[in-house]
Amino acid sequence: MLVNTQDELFIRQAITLANQARQAGERPFGAILVINGMVVAEAQDQCRILNDPTAHAEIRLISSYCQKNGLFDLTGATLYTCAEPCVMCSGAIKWASISRVVFSVSQAMLQNGSGGRLKPTCYEIVNTGRRHIDVDGLLLVDEGLACYKGFDFALHRQEILKSQR
(Lines give C-alpha, C1' and ligand atoms only; values in the text may rest on other atoms or scores of the structure.)
Protein backbone atom coordinates (compact mmCIF):
# COMPACT_ATOMS: atom_id res chain seq x y z
CA MET A 1 0.00 0.00 0.00
CA LEU A 2 1.33 3.41 -0.98
CA VAL A 3 0.26 5.79 1.80
CA ASN A 4 1.22 9.45 2.02
CA THR A 5 1.27 11.61 5.14
CA GLN A 6 -2.20 13.08 4.49
CA ASP A 7 -3.97 9.74 3.99
CA GLU A 8 -4.68 9.20 7.70
CA LEU A 9 -6.07 12.72 8.06
CA PHE A 10 -8.44 12.27 5.13
CA ILE A 11 -9.50 8.77 6.18
CA ARG A 12 -10.35 10.13 9.63
CA GLN A 13 -12.51 12.80 7.99
CA ALA A 14 -14.35 10.10 6.02
CA ILE A 15 -14.83 8.09 9.23
CA THR A 16 -16.20 11.19 10.98
CA LEU A 17 -18.70 11.64 8.15
CA ALA A 18 -19.70 7.99 8.45
CA ASN A 19 -20.32 8.41 12.17
CA GLN A 20 -22.41 11.53 11.49
CA ALA A 21 -24.46 9.61 8.93
CA ARG A 22 -25.11 6.87 11.46
CA GLN A 23 -26.17 9.41 14.08
CA ALA A 24 -28.61 10.85 11.51
CA GLY A 25 -30.22 7.43 11.00
CA GLU A 26 -28.36 6.56 7.81
CA ARG A 27 -25.94 3.75 7.08
CA PRO A 28 -22.45 4.65 8.33
CA PHE A 29 -20.64 5.63 5.17
CA GLY A 30 -18.75 8.83 4.35
CA ALA A 31 -16.46 9.94 1.55
CA ILE A 32 -14.00 12.77 0.86
CA LEU A 33 -12.74 13.92 -2.56
CA VAL A 34 -9.23 15.40 -2.59
CA ILE A 35 -7.56 17.23 -5.46
CA ASN A 36 -4.03 18.63 -5.14
CA GLY A 37 -4.02 17.95 -1.40
CA MET A 38 -7.25 19.89 -0.78
CA VAL A 39 -10.66 18.54 0.19
CA VAL A 40 -13.00 19.70 -2.58
CA ALA A 41 -16.10 17.69 -1.68
CA GLU A 42 -17.52 15.43 0.98
CA ALA A 43 -20.67 13.36 1.32
CA GLN A 44 -22.48 10.92 3.56
CA ASP A 45 -24.80 8.07 2.80
CA GLN A 46 -28.34 9.47 2.39
CA CYS A 47 -30.32 6.52 1.06
CA ARG A 48 -32.93 6.77 3.81
CA ILE A 49 -33.59 10.52 3.81
CA LEU A 50 -33.65 10.73 0.01
CA ASN A 51 -35.56 7.46 -0.49
CA ASP A 52 -32.87 6.58 -2.99
CA PRO A 53 -31.05 3.25 -2.78
CA THR A 54 -28.27 4.72 -4.95
CA ALA A 55 -27.56 7.67 -2.61
CA HIS A 56 -24.31 6.16 -1.36
CA ALA A 57 -21.68 8.61 -0.14
CA GLU A 58 -19.34 7.98 -3.09
CA ILE A 59 -22.07 8.34 -5.73
CA ARG A 60 -23.42 11.53 -4.16
CA LEU A 61 -19.91 12.98 -3.91
CA ILE A 62 -18.99 12.24 -7.53
CA SER A 63 -22.32 13.37 -8.95
CA SER A 64 -22.61 16.61 -7.01
CA TYR A 65 -18.98 17.62 -7.52
CA CYS A 66 -19.02 16.92 -11.25
CA GLN A 67 -22.35 18.71 -11.78
CA LYS A 68 -21.34 21.72 -9.69
CA ASN A 69 -18.03 22.10 -11.52
CA GLY A 70 -19.09 21.11 -15.04
CA LEU A 71 -16.73 18.16 -15.06
CA PHE A 72 -16.93 14.65 -16.43
CA ASP A 73 -13.40 13.45 -15.67
CA LEU A 74 -11.77 13.45 -12.23
CA THR A 75 -8.30 12.32 -13.26
CA GLY A 76 -5.86 13.32 -10.54
CA ALA A 77 -8.44 13.12 -7.74
CA THR A 78 -8.28 10.81 -4.74
CA LEU A 79 -11.40 9.46 -3.08
CA TYR A 80 -11.16 8.58 0.62
CA THR A 81 -13.88 6.46 2.15
CA CYS A 82 -14.46 4.72 5.46
CA ALA A 83 -15.24 1.41 3.72
CA GLU A 84 -14.16 -0.12 0.46
CA PRO A 85 -16.58 1.09 -2.23
CA CYS A 86 -19.35 -1.31 -3.24
CA VAL A 87 -19.83 -2.60 -6.78
CA MET A 88 -22.07 0.33 -7.78
CA CYS A 89 -19.76 2.98 -6.33
CA SER A 90 -16.70 1.31 -7.81
CA GLY A 91 -18.34 1.55 -11.23
CA ALA A 92 -18.94 5.27 -10.71
CA ILE A 93 -15.32 5.74 -9.61
CA LYS A 94 -14.13 3.99 -12.76
CA TRP A 95 -16.36 6.05 -15.08
CA ALA A 96 -15.40 9.30 -13.35
CA SER A 97 -11.71 8.41 -13.91
CA ILE A 98 -10.74 9.03 -10.30
CA SER A 99 -7.04 8.22 -10.02
CA ARG A 100 -6.85 6.79 -6.53
CA VAL A 101 -9.12 5.27 -3.88
CA VAL A 102 -8.14 4.92 -0.23
CA PHE A 103 -10.36 3.10 2.27
CA SER A 104 -10.32 1.92 5.86
CA VAL A 105 -12.50 -1.20 6.13
CA SER A 106 -12.64 -3.79 3.35
CA GLN A 107 -15.83 -5.19 1.82
CA ALA A 108 -14.81 -8.60 3.16
CA MET A 109 -14.69 -7.20 6.71
CA LEU A 110 -18.12 -5.62 6.27
CA GLN A 111 -19.56 -8.88 4.93
CA ASN A 112 -18.00 -10.79 7.80
CA GLY A 113 -19.65 -8.46 10.31
CA SER A 114 -23.03 -8.28 8.57
CA GLY A 115 -23.29 -11.89 7.42
CA GLY A 116 -23.68 -10.72 3.81
CA ARG A 117 -22.25 -12.38 0.74
CA LEU A 118 -18.74 -11.65 -0.40
CA LYS A 119 -18.70 -9.10 -3.23
CA PRO A 120 -16.09 -8.23 -5.87
CA THR A 121 -13.43 -5.84 -4.62
CA CYS A 122 -13.15 -2.23 -5.70
CA TYR A 123 -9.77 -3.05 -7.26
CA GLU A 124 -11.30 -5.79 -9.42
CA ILE A 125 -13.98 -3.44 -10.75
CA VAL A 126 -12.06 -0.20 -11.29
CA ASN A 127 -9.16 -1.93 -13.00
CA THR A 128 -11.04 -3.57 -15.83
CA GLY A 129 -9.92 -2.28 -19.20
CA ARG A 130 -6.72 -0.39 -19.95
CA ARG A 131 -6.74 2.40 -17.39
CA HIS A 132 -5.24 1.71 -13.95
CA ILE A 133 -6.67 3.19 -10.74
CA ASP A 134 -4.67 2.87 -7.52
CA VAL A 135 -6.64 1.27 -4.68
CA ASP A 136 -5.10 1.36 -1.20
CA GLY A 137 -6.94 -0.16 1.68
CA LEU A 138 -6.99 -1.21 5.27
CA LEU A 139 -5.94 2.16 6.68
CA LEU A 140 -6.86 2.86 10.33
CA VAL A 141 -8.95 -0.30 10.39
CA ASP A 142 -9.79 -0.20 14.11
CA GLU A 143 -11.16 3.34 13.79
CA GLY A 144 -13.07 2.37 10.66
CA LEU A 145 -14.54 -0.77 12.22
CA ALA A 146 -15.77 1.28 15.18
CA CYS A 147 -18.26 2.97 12.79
CA TYR A 148 -19.94 -0.37 12.19
CA LYS A 149 -19.81 -1.87 15.69
CA GLY A 150 -23.31 -2.98 16.57
CA PHE A 151 -24.80 -1.66 13.32
CA ASP A 152 -27.30 -4.13 11.85
CA PHE A 153 -27.57 -3.58 8.08
CA ALA A 154 -30.52 -5.99 7.70
CA LEU A 155 -32.46 -4.34 10.54
CA HIS A 156 -31.73 -0.89 9.11
CA ARG A 157 -33.17 -1.97 5.75
CA GLN A 158 -36.26 -3.41 7.44
CA GLU A 159 -36.79 -0.12 9.31
CA ILE A 160 -36.60 1.83 6.05
CA LEU A 161 -39.11 -0.47 4.38
CA LYS A 162 -41.45 -0.33 7.37
CA SER A 163 -41.38 3.49 7.38
CA GLN A 164 -42.43 3.54 3.71
CA ARG A 165 -45.62 1.57 4.33
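## Ground rules

Residues are numbered from 1 along each chain as its sequence is written, and side-chain values use heavy atoms, with hydrogens and water left out. Because the model is predicted, local features need pLDDT of at least 70 and side-chain atom pairs count only at pLDDT 80 or more, while totals for chains, interfaces and linings use all residues.

## The sheet

Let's start with the open sheet, whose five strands follow the order β2-β1-β3-β4-β5 with mixed pairing (strands are DSSP E runs of at least two residues, helices H or I runs of at least four, both numbered from the N terminus; two strands pair if DSSP finds at least two bridges between them). β2 (38–44) and β5 (134–136) stand at the edges with a single partner strand each, so one side of each lacks a neighbour in the sheet. From one strand to the next, the twist averages 15° (axes are lines fitted to C-alpha atoms, for helices over the stretch in contact, with angles from 0 to 180 degrees between N-to-C directions).

Strand β4 (residues 100–105) runs parallel to β5, joined by three bridges. V101 has V135 of β5 as its bridge partner.

Beyond its neighbours within four places in sequence, L61 contacts A31, I32, L33, A41, E42, A43 and L79.

Note on methods:
Contact means heavy atoms within 4.5 Å.
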